[in-house]
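Have a go at each task before you read its solution.

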Amino acid sequence: MRFVQGIAVAGVVALAGVFAAGPAANAAAIAVGKKLEFKVDPKKMDEERARLWTQFGGWCALKDWHPAVANCEESTEGGAKVRVLTLRDGGKIKEKLLDEKPNFYRYEILESPLPVKNYQAQFALTPDDDDEDEINFAWSATFDANGKTNKEAHDVIDGIFKAGLDNIKTMAGTKADNDDDKK
C-alpha cells in the first residue's frame, strides 16, 4: 500500500455535502481540510478500508493515533455520544457526535481551548472518485475564529489535521509520496 497526503483548504465543505446540516455550519467563515490517500490493490479495497477504519476510525481512536491526544473518554449526554479529549498539555476538548455511518463520522466541538467557535467537522475513509486503486482519509471542518484572527485559527486547525494524518501515515508503516513536500 502506498499513500499520498494532499490538502484542500477552500471548498472543502463540498466533501459529500456533510455540512448542509444546519445554519451554524453554513455560517462558518473558515474551512479547512486535509486528505491522506492510500494506494491499494483494487481487489482488496473492502479489506483495506475495513482494516484502516478499525485501526483509525473509531470515535475515541484519536487517543491511539493523534500525537496531541493523551486520552479519550466517551460518554452519553442527552442521548448523544460525547467524547472528552485530554491533550498532552492538559487541555480538554469536549465534542459531540452528530452523525455516524460506516467509515464516517461528523461532530461538533462543545468546549475547547482552541481559538474556534461554531466548529463542525467530519472524518471519513472513502474510495477515491477517480482512482479505483485509492482510498482517502479526509478530515475537514468549518468554523469561525474565536479570540484569534481567521488566519491564526485556520493555521491551528490545519496543524491539528496535518499532525494527525502524518501520524496515521507513519503508523501505517509504508512509504508515501507527500504532496506537501512536492511544492
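**Exercise 1. A pair within a helix**

Task: Find out whether Lys162 is buried, partly exposed or exposed, and state the distance at which its side chain meets that of Asp166.

Solution. Step 1: the side chains of Lys162 and Asp166 form a salt bridge, N to O, at 2.6 Å; the term stands for a side-chain nitrogen of Lys or Arg within 4 Å of a carboxyl oxygen of Asp or Glu. Before going on, note that this is a predicted model, in which local features need pLDDT of at least 70 and side-chain atom pairs count only at pLDDT 80 or more, while totals for chains, interfaces and linings use all residues. Residues are numbered from 1 along each chain as its sequence is written, and side-chain values use heavy atoms, with hydrogens and water left out.

Step 1: both partners sit in helix H4, and because they are four residues apart, about one helical turn separates Asp166 from Lys162. Helices here are DSSP runs of H or I with at least four residues, strands are runs of E with at least two, and both are numbered from the N terminus.

Step 2: compare each relative accessible area with the cut-offs, which are under 20% for buried, over 50% for exposed and in between for partly exposed (1.4 Å probe, protein chains only). Asp166, at 19%, is therefore buried, and Lys162, at 29%, is therefore partly exposed.

Step 3: elsewhere, salt bridges with shared partners tie Lys39, Asp131, Asp133 and Glu134 into one network.

**Exercise 2. A second pair in H4**

Task: Describe the contact between Lys151 and Asp155, and sort each residue by its accessibility.

Solution. Step 1: a salt bridge of 2.6 Å, N to O, brings the two side chains together. Step 2: both residues belong to helix H4, where four residues, about one turn of the helix, lie between their positions. Step 3: Lys151 has a relative accessible area of 56%, so it is exposed. Asp155 has 37%, so it is partly exposed.

**Exercise 3. A pair across the chain**

Task: Which parts of the chain do Lys39 and Asp133 link?

Solution. Step 1: count the salt bridges, and a search of the whole structure gives 15. Step 2: Lys39 and Asp133 form a salt bridge at 3.6 Å, N to O. Step 3: locate the partners, with Lys39 in strand E2 (residues 30-39) and Asp133 in the loop between strand E7 (116-127) and strand E8 (134-145); they lie 94 residues apart, and the pair links distant parts of the chain. Step 4: Lys39 is buried because its relative accessibility is 17%, while Asp133 is partly exposed at 25%.

**Exercise 4. The span of H4**

Task: Check the length of H4 against its number of residues, then list its buried residues.

Solution. Step 1: the expected span is 1.5 Å times one less than the number of residues. Step 2: the 23 residues of H4 should therefore span 33 Å, and this agrees with the 33 Å between its end C-alpha atoms. Step 3: the buried residues of H4 are Ala153, His154, Ile157, Asp158, Phe161, Gly164, Leu165, Asp166, Ile168, Lys169 and Ala172. Step 4: Asn150, also in helix H4, is partly exposed at 45% relative accessibility.

**Exercise 5. A hairpin**

Task: In which sense do strands E3 and E4 pair, and over how many bridges?

Solution. Step 1: two strands pair if DSSP finds at least two bridges between them. Step 2: strand E3 (residues 69-77) and E4 have eight bridges, in the antiparallel sense. Step 3: Ser75 faces Val82 of E4 across the pair. Step 4: two residues separate the strands of this hairpin, and Gly78 in the turn has a positive phi of about 60°.

**Exercise 6. The whole chain**

Task: How many helices and strands does the protein chain have, and what share of its residues is buried?

Solution. Step 1: there are four helices and nine strands. Step 2: along the sequence they follow the pattern β-α-β-α-α-β-β-β-β-β-β-α-β. Step 3: of the 183 residues in the protein chain, 48% are buried.
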